[in-house]
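Thanks for coming, everyone. Please take a look at the model on the screen, and then I'll walk you through a few spots.

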Amino acid sequence: MIPVTELSYFGEQDPAFKILKPWWDVFAEYLTLLMVLVSMFGGALQVSSEQILCIPVPEGLSIRERQWNHSVLEGLNLNVFAAGFQTGLDVQQYYLINQWCYDNAVIWFSKYFPYLVLLHSLIFLISSNFWFKFPGTSSKIEHFITVLGKCLDSPWTTKALSETVYEESTPRIPIVSESSIDQSLSSSAGGIIVDNSSVKILDKKEGEQAKSLFEKVKKFRLHTEEGDILYTMYLNQTVVRTVQSVVILVYISIFIPQMCNNIHCVDALHITGFTDFFCIHGLWRMFRMLSLVYITAIVLYSCTCLYTLHWILYYKLKEYSFENVRVETGMDDIPDVRNDFAFLLHLIDQYDKLYARKFAVFLSDVSENKLLQLNLNHEWTQERLKQRLITNRENKVEMHLFMMPGIPIQVYDLTEIEVLKLELIKGVAISAAISNLKMMKEMWLYNCSVKVERQALLFLKENLITLRVRFGIADEIPPWIFTLKSLRELYIEGQLQTDSKISTALQMFRELPKIDTLHLKTNITKLPTAILDMAAHLLCLIIHNEGVKITSLANIKKLFCLTLLRLLHCNLERIPSAIFSLTNLQELDLKDNKLSSTEELASCQNLQKLICLRLWHNNITSIPVHIAKIAKLEMLYLNKNKIEFLPPSLFKLTKLLFLDVSHNHISKIPSDIDQLAELQHFAIECNKVTELPENLFSCTKLRVLNISHNNLTCLSPSIGHLRQLQLLDLKVNKLDKLPVELGQCVCLRKNQLIVEDDIYKTLPLEVREQITNIASS
């Protein structure tokens with residue numbers, strides 16, 4: 001006899017797994033248990049009772065003829081039956097013939113019925129629970145149960161769902177999202193609801209646990225949606241159970257009618273002296289009743305298997321929609337799932353639909369953002385945020401938030417903020433509390449996806465002057481920025497052109513009526529027409545094209561109000577002629593192009609207002625004589641080119657204040673330089689100059705003289721004429737000493753005299769002390 005405890009392993013499982021057992025699986029388990037009881041009861045009867053009882057039939061009398069051929073029996077003397085028949089067999093011989101007849105005359109189904117039922121029951125147990133034991137599926141199931149249990153126990157689940165109820169009973173504050181561009185351009189902007197007022201506070205430990213749970217759910221979803229092994233295994237084991245139950249039902253229906261009580265046994269061994277024996281199977285009636293019970297259980301088991309197959313094949317169990325949950329909770333971003341993840345959710349729906357609803361809380365980005373916002377508010381107190389306030393180069397109070405899950409609510413209490421920089425912050429929502437920052441006129445959005453509440457948008461429309469946006473693709477540009485009617489400076493950095501098509505985002509520039517400064521760091525090949533529509537008010541245009549060639553700039557002449565134009569890294573080989581039609585232009589910058597000639601400057605007579613010309617970082621080999629036509633030029637950058645000499649026409653720019661010809665191939669400074677009487681800054685470092693002309697020192701207004709990295713062998717005593725000199729760079733030359741007359745440069749300080757120490761020490765002590773005293777004063 002096998003104890004029940006020995007069989008428990010086959011059906012043993014974690015109690016938590018019950019949530020993955022629909023009602024039909026539970027019913028099938030009870031039917032299996034009934035089958036086990038039938039087998040054990042039949043086995044107990046077989047062990048405790050006589051299996052068969054046999055008696056010999058007298059010689060010459062056939063049991064079969066006695067029963068079925070009465071014509072033969074009429075002539076036989078039947079007194080032997082009336083008076084009793086003496087066999088002469090002892091007890092051992094009866095035991096022997098009973099066993100012989102049981103082994104050879106009883107049909108196999110009657111003999112092994114309890115064991116067959118037990119074997120079938122074990123197979124049912126194994127096949128119905130196989131996916132709980134198989135390594136490829138059990139690990140996923142255990143992980144799912146663990147994660148689900150933590151989701152159900154997490155305080156955040158209750159708070160998030162109760163938050164939904166709260167929101168349904170309170171007015172909602174719309175948010176301007178990236179997907180609602182049309183609504184953004186109107187007065188009513190719609191979007192996802194954010195309302196922090198109703199979120200109850202979690203302690204720090206609960207918040208961290210919920211945060212880690214979001215990550216676990218994401219990883220589990222990613223892992224389980226990759227395949228459908230759980231679905232396939234459950235289907236296969238259901239098919240196996242169905243086939244097995246049908247096969248059992250068929251062959252049992254065949255063999256049960258063959259079970260009988262009276263058995264004719266023939267002793268083929270002739271060990272008792274008798275040939276025929278009349279036997280009675282004592283357990284036949286009980287086994288027949290147990291068989292009927294077993295057939296009933298098998299029929300019911302087959303029905304549950306067929307229903308399971310219908311459920312698996314009829315319904316789309318590899319897809320799971322949270323549509324109802326989204327409607328009930330208001331979390332519109334809960335994604336639908338597929339494959340094994342979907343199948344597991346369908347199973348727990350059979351147990352309790354509330355489980356999937358609670359699980360969905362941790363699939364929602366809105367829910368996660370609320371949690372992260374709570375944790376963020378705990379972590380970033382107002383005192384800690386004040387420590388991040390800095391004063392930038394423009395002497396403005398700046399707050400820089402980098403790679404945070406959101407904006408700490410306490411930021412809106414720092415009313416001294418003038419510049420708010422948000423960088424690498426995903427899914428951030430700017431609340432109406434930003435209206436507290438009355439002094440904030442500038443905002444940076446670097447690789448951020450930002451949503452704005454309606455009240456916050458109204459504030460930004462009225463107060464924001466400067467906006468800087470950096471993005472990966474044009475679709476990431478927040479549409480609401482084109483509703484900022486007070487915006488004057490816009491900096492856009494990112495890919496605005498793909499597959500030779502300019503992004504439609506550029507077309508929205510025409511919606512900004514007050515923009516006077518536009519900075520594009522992008523990859524366009526021609527000037528967008530939307531920029532031309534801004535001609536009436538656009539004053540400054542800066543395009544950094546990241547090495548992509550702008551093939552057409554003919555229409556730039558339509559920007560007649562431009563005072564500043566910078567075309568940087570645009571792969572230009574010549575100066576576009578259309579530029580010379582910009583009669584109001586005051587500054588032109590063509591840095592980092594491929595200009596080798598500047599002959600186009602012959603048409604520069606129209607640029608009568610140009611005061612700054614930057615042709616630096618190009619391949620220019622010579623300065624054209626036509627440059628003298630730019631009579632009002634005050635600043636000229638020609639550094640980092642391939643210029644070999646300075647032409648006389650250059651020195652006709654008598655209003656020049658700044659001249660930089662550094663990093664060229666110049667070997668001589670012409671004596672005509674004294675014509676630049678107003679020159680204040682002269683840089684000629686990294687050239688091949690061997691001496692400075694005396695006429696240079698006639699430029700008595702010089703304040704900065706940079707002649708480092710040349711081949712100077714001496715410095716003229718006339719340097720003393722430059723009494724306003726404030727910076728002198730002489731390092732990396734071939735000087736042996738410095739002239740004493742440096743002491744006459746009364747504005748020159750020690751830290752602004754840049755030269756090697758050993759050469760500096762050639763100055764007399766009193767001159768060095770004088771320079772030092774100037775520095776200390």
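Let's start with a charge and a ring. Lys421 lies over the face of Trp444. The distance to the ring centre is 4.1 Å. Keep in mind that this is a predicted model.

Now a second case of this kind. Which ring does the charged end of Lys591 sit over? The ring of Trp616, at 4.7 Å from its centre.

Next, rings with rings. A pair of aromatic rings is described by two things: the distance of the centres and the angle of the planes. How many aromatic pairs does a search of the whole structure find? The search finds 23.

Take one of them, Trp131 with Tyr234. Centre to centre, these rings are 5.0 Å apart. Their planes make an angle of 55°, and the pair is tilted. Now look at where the partners sit. Trp131 is in helix α7, residues 108-133. Tyr234 is in helix α12, residues 229-255.

Buried or exposed? Trp131 has 1% relative accessibility, so Trp131 counts as buried. Tyr234 also has 1%, so Tyr234 counts as buried too. The cut-off for buried is under 20%.

Tyr234 has another partner, Phe343. Here the centres are 5.5 Å apart and the planes are at 55°, so this pair is tilted.

Step back to the cluster. Ring pairs link Trp23, Trp24, Trp131, Phe132, Tyr231, Tyr234, Tyr307, Trp311 and Phe343.

Last stop: empty space. Rolling a probe the size of a water molecule over the atoms shows where such space is left. I'll show you the second largest pocket, with about 470 Å³ of space.

What lines this pocket? The lining has 20 residues. Nearest the centre are Tyr320, Ser321, His346, Asp349 and Lys353. The elements that give two or more residues to the lining are α13 (284-314), β5 (319-320), α14 (323-329), α15 and α16 (353-360). Which of them gives the most? That is α14, with four residues.

By class, the lining of this pocket has nine nonpolar, four polar and seven charged residues. That's my tour.

Technical notes: Residues are numbered from 1 along each chain as its sequence is written. This is a predicted model: local features need pLDDT of at least 70, side-chain atom pairs count only at pLDDT 80 or more; totals for chains, interfaces and linings use all residues. Side-chain values use heavy atoms; hydrogens and water are left out. Rings of Phe, Tyr and Trp (its six-membered ring) pair if their centres lie within 6.5 Å; planes under 30 degrees apart count as stacked, over 60 as edge-to-face and the rest as tilted. Buried means under 20% relative accessible area, exposed over 50%, partly exposed in between (1.4 Å probe, protein chains only). A charge sits over a ring if NZ of Lys or CZ of Arg is within 6 Å of the ring centre and within 35 degrees of the ring normal. On a 1 Å grid over the protein atoms alone, a cavity is a set of points where a 1.4 Å probe fits but cannot get out, and a pocket is an open set with protein on both sides within 12 Å along at least five of seven lines; lining residues have an atom within 4 Å of a point. Grid points are joined across faces, edges and corners, and a volume is the space filled by probe spheres set on the points. Ala, Val, Leu, Ile, Met, Phe, Trp, Tyr, Cys and Pro count as nonpolar, Asp, Glu, Lys and Arg as charged, and the others, Gly among them, as polar.
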